[in-house]
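Hello,

Here is the structure I promised to pass along. Please open it next to this email, and my notes follow below.

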Amino acid sequence: EMPANGGQMRRVPTNISGYCAEPHWNPRDENLIAFTAAVAGGFQIAVYDAQRGESRFVTQVRDAAVEPHWLNDGRHLIFTERRDGTKRLILLDTVTGKTSALHAPAFGDASQASAVYPRR
């Protein structure tokens with residue numbers, strides 16, 4: 001983490017994994033950061049709450065959950081699920097934990113969701 005006006009960088013203490021990558025800041029709550037964390041030989045999505053100083057896993061997929069991206073509502077994430085050599089985009093409600101595939105397997109591989117947010 002680095003202050004917007006420059007200065008000294010500091011490590012965000014996720015305390016959840018020795019490898020954390022692909023951070024994405026929540027567009028509604030500056031205290032929440034979604035990221036990919038290595039766990040048990042795979043990867044899962046976790047959310048760090050800077051106000052509480054705590055991290056929690058928000059996915060439990062079989063192979064790997066990577067590339068989290070918050071939606072503009074600040075509640076939902078889209079992530080890439082890698083399973084059995086395929087990639088698909090999954091919508092996750094971070095409050096209820098409910099997931100929904102955004103496309104059928106026949107669509108083919110899809111990954112790295114991104115969105116454009118309107119100016120406020």
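Before the rest, a word on the ground rules. This is a predicted model, in which local features need pLDDT of at least 70, side-chain atom pairs count only at pLDDT 80 or more, and totals for chains, interfaces and linings use all residues. Residues are numbered from 1 along each chain as its sequence is written, and side-chain values use heavy atoms, with hydrogens and water left out.

**Confidence**

The chain has a mean pLDDT (the predictor's confidence in each residue, from 0 to 100) of 89, and 87% of its residues reach 70 or more. Confidence is highest in β3, at 98, and lowest in strand β8 (residues 99–101), at a mean of 95. Strands here are DSSP runs of E with at least two residues, numbered from the N terminus. Where pLDDT is low, the predicted coordinates should not be read in detail.

**Salt bridges**

The count comes to 6 salt bridges, each being a side-chain nitrogen of Lys or Arg within 4 Å of a carboxyl oxygen of Asp or Glu.

R75 and D93 form a salt bridge at 2.8 Å, N to O. D93 is buried at 10% relative accessibility, while R75 is partly exposed at 32%.

D49 and R52 meet in a salt bridge at 4.0 Å, N to O. D49 counts as buried at 18% relative accessibility, whereas R52 is exposed at 64%.

**The second largest pocket**

Several of these residues turn up again in the second largest pocket, whose lining includes D49, R52 and R75, along with L32, V47, E54, S55, R56, W70, G74, T94 and V95. A pocket, on a 1 Å grid over the protein atoms alone, is an open set of points where a 1.4 Å probe fits, with protein on both sides within 12 Å along at least five of seven lines; lining residues have an atom within 4 Å of a point. About 180 Å³ of space lies in this pocket, a volume being the space filled by probe spheres set on the points, which are joined across faces, edges and corners.

β3 (42–49) and β4 (54–57) each supply at least two residues of the lining, and the largest share, 3 residues, comes from β4. By type, the lining divides into 4 nonpolar, 3 polar and 5 charged residues (Ala, Val, Leu, Ile, Met, Phe, Trp, Tyr, Cys and Pro count as nonpolar, Asp, Glu, Lys and Arg as charged, and the others, Gly among them, as polar).

**One lining residue**

E54, in strand β4, is partly exposed at 47% relative accessibility. Leaving aside neighbours within four places in sequence, E54 is in contact (heavy atoms within 4.5 Å) with V47, Y48 and D49.

Notes
Buried < 20%, exposed > 50% of the residue type's maximum accessible area, 1.4 Å probe, protein only. Helix = DSSP H or I, 4+ residues; strand = E, 2+ residues; numbered from the N terminus.
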